[in-house]
Amino acid sequence: MSKNNLLNVLNLAQEAAEKGTVEIATLNGTRITVKRGVFVPDNETLLFVSKCIEMIKSMNSEIETIADAGVGSGVIAVSLGKAFPAKKIYGYDISERALKTAKLNAKNNNTKNVVFYKNYRLGSWINRKTPRKIDLIVSNPPYVGDEELRSADFKRDYPDYKLQPKAGLLSLDRVGLRPYISILKSAKKFGVKYLLFRCNTENVNAITSALAREKIKIEVIKTESKALLLMRVTLIK
Ligand SMILES: C[S@@+](CC[C@H](N)C(=O)[O-])C[C@H]1O[C@@H](n2cnc3c(N)ncnc32)[C@H](O)[C@@H]1O
């Protein structure tokens, strides 16, 4: 990513908090409005979107339906909806504000193939009302565990954390694992073939060893940024 494209997530989060809304352009030309109280995407999110588009193109014929677990502003779901107009995209969130914002972004980007559902429980990630099977889940779930949250490094490296919504950031466990496991468990019930996860580099060993107990294949795909690892998880029947 060139320097000109780099987002200053702290400035954006401050602007969203003060003015109530902030505009972001993704690397693929989708324009996203983020409302106060909704997770502000960072540079790694934008890179994740680009990598997802690349990988989905390479698995194109296998993927008809895609679910974004934890849709936030809709940055991933709407960008995918725009990149793949013939595919159906489902976006889920537990936050009413996030869903309102994501719907606005789908409308502004004219992505009629993206539909949204509200989740009501922290542990449930795929809404049961989803009409048909899901081929692929993409997700940037809440990734900050209690240990990381307490560390001085975290407070120094991610000064925007106080401005981000807690439900968007905190995994509510020690090491930032719980959402990944919950999403994977839901995926099994929906006949999902693949999952593309964003995760932090520090968490990858804990996540892969926890997931290793499941019947899955995990590929860790390193990307340009240290704070972004792309994991492709394949469910084995
Ligand atoms: C790290 S943010 C990512 C948002 C957006 N996908 C992005 O990359 O900018 C995680 C999102 O997951 C949502 N979330 C938390 N628990 C959830 C659940 N059980 N079901 C659906 N979404 C949930 C949060 O509200 C938040 O919007």
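In helix 2, Thr 45, Val 49, Cys 52 and Ile 53 meet Val 75, Ile 76, Ser 79, Leu 80 and Ala 83 of helix 3; two residues are in contact if their C-beta atoms, placed from the backbone, lie within 7 Å. Helices (H or I, at least four residues) and strands (E, at least two) are DSSP runs, numbered from the N terminus. Of the residues in this contact, seven are nonpolar, two are polar and none is charged. In this grouping, Ala, Val, Leu, Ile, Met, Phe, Trp, Tyr, Cys and Pro count as nonpolar, Asp, Glu, Lys and Arg as charged, and the others, Gly among them, as polar.

The model is a predicted one, in which local features need pLDDT of at least 70 and side-chain atom pairs count only at pLDDT 80 or more, while totals for chains, interfaces and linings use all residues. Residues are numbered from 1 along each chain as its sequence is written.

**The helix pair**

Two packed helices are described by the angle between their axes and the distance between the axes. Helix 2 (residues 43-58) packs against helix 3 at an angle of about 35°, and their axes are 10 Å apart. Axes are lines fitted to C-alpha atoms, for helices over the stretch in contact, and angles run from 0 to 180 degrees between N-to-C directions. The crossing of helix 2 and helix 3 is right-handed, which is to say that the near helix is turned clockwise from the far one by less than a right angle.

Helix 3 is largely enclosed by the rest of the structure, because nine of its nine residues are buried. Among them are Ala 77, Gly 81 and Lys 82. A residue is buried if 20 or more other C-beta atoms lie within 10 Å of its own, exposed if 12 or fewer, and partly exposed in between, with C-beta atoms placed from the backbone.

Seven strands form an open sheet in the order 5-4-3-6-7-9-8, with mixed pairing. Strand 5 (114-118) and strand 8 (216-222) stand at the edges with a single partner strand each, so one side of each has no neighbour in the sheet. On average, neighbouring strands of this sheet are turned by 20° against each other, direction ignored. Two strands pair if DSSP finds at least two bridges between them.

| Strand pair | Direction | Bridges | Opposite residues |
|---|---|---|---|
| Strand 3 and strand 6 | parallel | three | Ile 66 and Leu 136 |
| Strand 6 and strand 7 | parallel | four | Ser 139 and Phe 197 |
| Strand 7 and strand 9 | antiparallel | six | Tyr 194 and Thr 234 |

In a regular strand the side chains alternate between the two faces of the sheet. In strand 6 (residues 136-139), Leu 136 and Val 138 point one way and Ile 137 and Ser 139 the other way, and all are buried.

Helices also lie across the strands. Helix 4 (residues 96-108) lies across strand 4 and strand 5, at about 170° to strand 5. Helix 9 (residues 204-211) lies across strand 7, strand 8 and strand 9, at about 165° to strand 8.

**The ligand shell and a loop residue**

The ligand is surrounded by 24 residues, of which the closest are Gly 70, Gly 72, Asn 119, Asn 140 and Gly 168. Helix 3 (75-83), strand 4 (88-93) and helix 7 (166-169) each give two or more residues to this shell. A residue is near a molecule if its C-beta atom, placed from the backbone, lies within 6 Å of it. The shell comprises 14 nonpolar residues, nine polar and one charged.

Pro 131 lies in the loop between strand 5 and strand 6. Pro 131 counts as exposed because it has 8 C-beta neighbours inside 10 Å.
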